[in-house]
Amino acid sequence: GITKGEGIMKHYPYLFSPIKIGRLTLKNRICVSPMTITGRGEEKGYFAQDNIDFYTTLARGGAALLTIGETGIHSRTDACHPRMAHLDDPGLLPSLTRLVDSVHQYDTFVSIELVHSGRRAHPAYLPDNGEVWGPSPSVNHYGAKVKEMTEEMMNEIADAYAEAAFMAKFAGVDMVMIHGGHGWLLDQFLSPLNNKRTDEYGGSLENRARFPIMVLDRVRARCGRNFPIEYRISGSELIEGGLEEEEMAVFAHMIESKVDSFHVSVGSFHDPATMVRMFPGPFFPNGVNIPYAAAIKKAVSVPVTGIGGLSDPDDMEKLLEEEKVDMVAMGRQMIADPFLPKKALKGKSSEIAHCIRCMRCNSGALIPYVPYPNGVVYCSVNPVMGRLREIARENSFKTVEKKILIAGGGPAGMQAALGALERGHKVILCEASDSLGKTLSYSDHIEFKQDIRKFRDSLISRIEDSQVEVRMNTVVTPELIRSAEPDLVIGAIGGDPFIPPIEGIADNNVLYAASMHRSGAVPGNNTVIIGGGLMGCEEAIALAQDGKNVTIVEMTDIIAGEADGGLKQMIDEKIAYYKIPVLTGCSCRMITEDGAIVKNKDGEERMLAADSVLIAAGVRPKDSETNRLRDTCYDLGIDFIAVGDCKKTGRIREATASGYFAGRNA
């Protein structure tokens with residue numbers, strides 16, 4: 001349990017209480033969950049400097065424990081990523097040692113996640129003598145034959161786990177995480193979905209657990225009692241016929257004497273549908289998977305870590321206070337704001353940049369559900385990620401203070417102001433309306449956009465707590481530019497809804513998804529949405545959740561095509577769940593007071609009855625207004641940069657990145 005002592009900080013006393021894992025004393029209850037989305041920058045899969053910078057930045061933020069993700073233990077039979085690091089290669093040791101030493105500078109312990117893909121191994125990434133092994137013979141989703149593992153093979157892999165853990169320990173790693181969930185090899189042995197054996201390693205739970213226990217025993221024997229082992233499990237595979245909550249609690253109790261803590265996730269890579277819970281997106285509440293960790297905590301006496309879309313210290317504090325979990329882990333949120341722990345500790349939670357769960361970061365490496373692994377991590381709300389070395393290089397250059405005038409207080413404009421402040425510039429931020437972040441006002445009206453709402457509010461909080469001079473209800477005009485005499489003007493005035501050339505589009509029953517929330521307009525009970533991009537699909541889901549009838553009309557053959565891999569999957573699932581009719585390959589020919597007339601590629605027309613027609617054709621840059629600002633600046637010899645939608649329409653990531661670097665690199 002946790003005791004509130006007099007020496008504990010008043011901000012989040014549970015979250016910032018120390019805890020022991022084995023003989024390690026963690027300074028707080030915040031962990032960075034295992035992530036491999038940074039990619040490995042060298043051909044052999046060693047840790048490049050970019051990777052070291054990434055993990056070190058996460059440690060600087062104040063987390064107590066950081067776990068390096070998905071590190072292989074047996075190269076000949078396991079590789080699921082093209083540059084996956086493997087601990088059976090001694091060549092990894094120098095870069096791993098540098099990584100660990102760098103993280104240790106910031107009073108953060110380092111763990112490493114040991115995995116074997118088993119039947120999920122990708123034959124294209126295996127050596128010429130490679131084979132795919134698993135608990136039972138099968139053909140995997142890459143078309144490779146899976147060999148059933150003999151006891152000799154099991155012993156070889158168990159020894160490989162042990163040696164990998166020992167090498168990690170030799171490199172200075174403080175503990176290891178054995179990944180026994182998510183459909184990896186150990187989970188495959190445990191799960192009746194994959195384990196069809198009839199010998200002593202199949203059938204009953206006790207038999208299916210024999211090989212995972214063999215691995216744990218070998219690791220303990222090789223590394224000693226004082227080297228902590230954390231075991232990661234899926235609290236449920238969330239698949240009919242797979243591992244469920246009750247059985248996982250029994251298994252956890254069975255092995256608790258062999259481990260020092262549990263890390264509880266959910267799902268299995270073998271069924272893509274479970275990934276929407278493994279990496280919970282915006283359609284799920286924050287902490288949606290915590291009940292599975294709580295069930296494991298009831299069954300064991302060692303510490304249990306929960307994970308699943310956590311981002312708010314208030315929520316985490318409550319989970320700890322109610323003893324649902326002993327620790328909390330975050331992945332995407334720590335990319336969005338590595339300094340969440342330090343901000344929470346200092347009582348500045350309002351300034352935390354909340355992850356919007358857009359899936360941009362991990363979709364870039366989620367093989368096989370994306371066509372290519374890009375090996376780079378980018379974040380929609382943290383433009384620094386993916387550019388850490390560039391930032392460090394720029395910081396070494398001396399900056400001459402400039403006066404910067406920013407037109408527009410949306411996400412691009414606010415990020416431009418914050419970026420400029422970092423380099424010591426004087427900033428005037430002008431917003432034409434009466435509030436900052438107006439372009440994100442739709443998040444106030446859509447329940448599953450709460451993460452965007454939190455991100456917007458954190459931006460506003462950071463602006464209000466800064467040295468930025470904010471002028472509300474102020475349009476940047478040529479006269480204002482002349483009087484302010486800035487060195488640089490940043491145009492962040494956004495875009496306007498695109499008005500497609502459709503007969504009847506000016507009728508009173510027509511609304512625009514890009515602007516209706518700002519005007520307070522509400523679609524009727526029967527709505528046709530013209531445009532099946534991300535905006536149109538999300539509006540359709542929101543209306544369906546409110547019990548309204550919606551039909552999506554999309555000219556192309558795919559909906560939400562611009563969504564990143566993981567989010568696209570979630571969109572498709574929600575469209576199917578609410579049984580929203582989708583007419584692809586169709587265009588709108590006419591809008592009438594009774595609805596919309598649409599036609600397909602063959603020219604066949606049909607009438608869609610509707611109370612309202614919602615245009616979700618996106619936005620277009622405000623070219624004429626932007627050009628006026630640019631021309632004024634050029635005439636006065638003042639630099640001008642356009643950012644966000646007034647430069648090129650895009651999603652939040654493009655707005656925040658273009659704004660931040662325009663201000664920072666001024």
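**Entry 1**

I looked up aspartate 451 and found it buried, at 1% relative accessibility (buried is under 20% relative accessible area, exposed over 50%, partly exposed in between, with a 1.4 Å probe and protein chains only). The model is a predicted one: local features need pLDDT of at least 70, side-chain atom pairs count only at pLDDT 80 or more, and totals for chains, interfaces and linings use all residues. Residues are numbered from 1 along each chain as its sequence is written, and side-chain values use heavy atoms, with hydrogens and water left out.

Aspartate 451 forms a salt bridge with arginine 357, and the closest N and O atoms are 2.7 Å apart (a salt bridge is a side-chain nitrogen of Lys or Arg within 4 Å of a carboxyl oxygen of Asp or Glu). I placed arginine 357 in the loop between H12 and helix H13 (360–363) and aspartate 451 in helix H16 (residues 450–464); the pair links distant parts of the chain, 94 residues apart. Helices here are DSSP runs of H or I with at least four residues, strands are runs of E with at least two, and both are numbered from the N terminus. Arginine 357 counts as buried too, at 2% relative accessibility.

**Entry 1: other salt bridges**

I noted a count of 28 salt bridges by this rule. Side chains of opposite charge can pair when their charged atoms come close.

Aspartate 444 bridges to arginine 456, with 3.0 Å between the closest N and O atoms. Aspartate 444 is in the loop between strand E15 (426–430) and H16, and arginine 456 is in helix H16, so the pair ties together parts that are twelve residues apart in sequence. Arginine 456 is buried at 9% relative accessibility, whereas aspartate 444 is partly exposed at 41%. I also logged a network in which salt bridges that share partners join Arg76, Glu131 and Lys147.

Next I checked arginine 218, which forms a salt bridge with aspartate 159, the closest N and O atoms lying 2.8 Å apart. Arginine 218 belongs to helix H6 (residues 210–223) and aspartate 159 to helix H3 (residues 151–170), so this pair ties together parts that are 59 residues apart in sequence. Arginine 218 is partly exposed, at 24% relative accessibility, and aspartate 159 is partly exposed, with a relative accessible area of 41%.

Valine 219 is also found in helix H6. I read a relative accessible area of 0% for valine 219, which means that it is buried.

**Entry 2: strands**

Which residues cover the two faces of strand E17 (residues 488–491)? I found Leu488 and Ile490 on one side and Val489 and Gly491 on the other, all buried. In a regular strand the side chains alternate between the two faces of the sheet.

E17 pairs in the parallel sense with strand E14 (residues 403–407) over four bridges (two strands pair if DSSP finds at least two bridges between them). Four bridges also join E17 to strand E28 (residues 639–642), and these run parallel. Isoleucine 490 is the bridge partner of isoleucine 406, and isoleucine 490 stands opposite isoleucine 641 in E28.

Elsewhere, strand E24 (residues 595–599) runs antiparallel to strand E25 (residues 605–609), with five bridges joining them. Glycine 595 has alanine 609 in E25 as its bridge partner. The hairpin has five residues between the strands, and glycine 603 takes a positive phi near 85 degrees there.

Tyrosine 12 has a phi near 55 degrees, a positive value in a residue other than glycine. I located tyrosine 12 in the segment before strand E1 (19–21); at 13% relative accessibility it counts as buried.

Glutamate 323 has a positive phi near 60 degrees, again in a residue other than glycine. Glutamate 323 sits in the loop between helix H10 (313–321) and strand E13 (327–330) and counts as exposed, at 52% relative accessibility.
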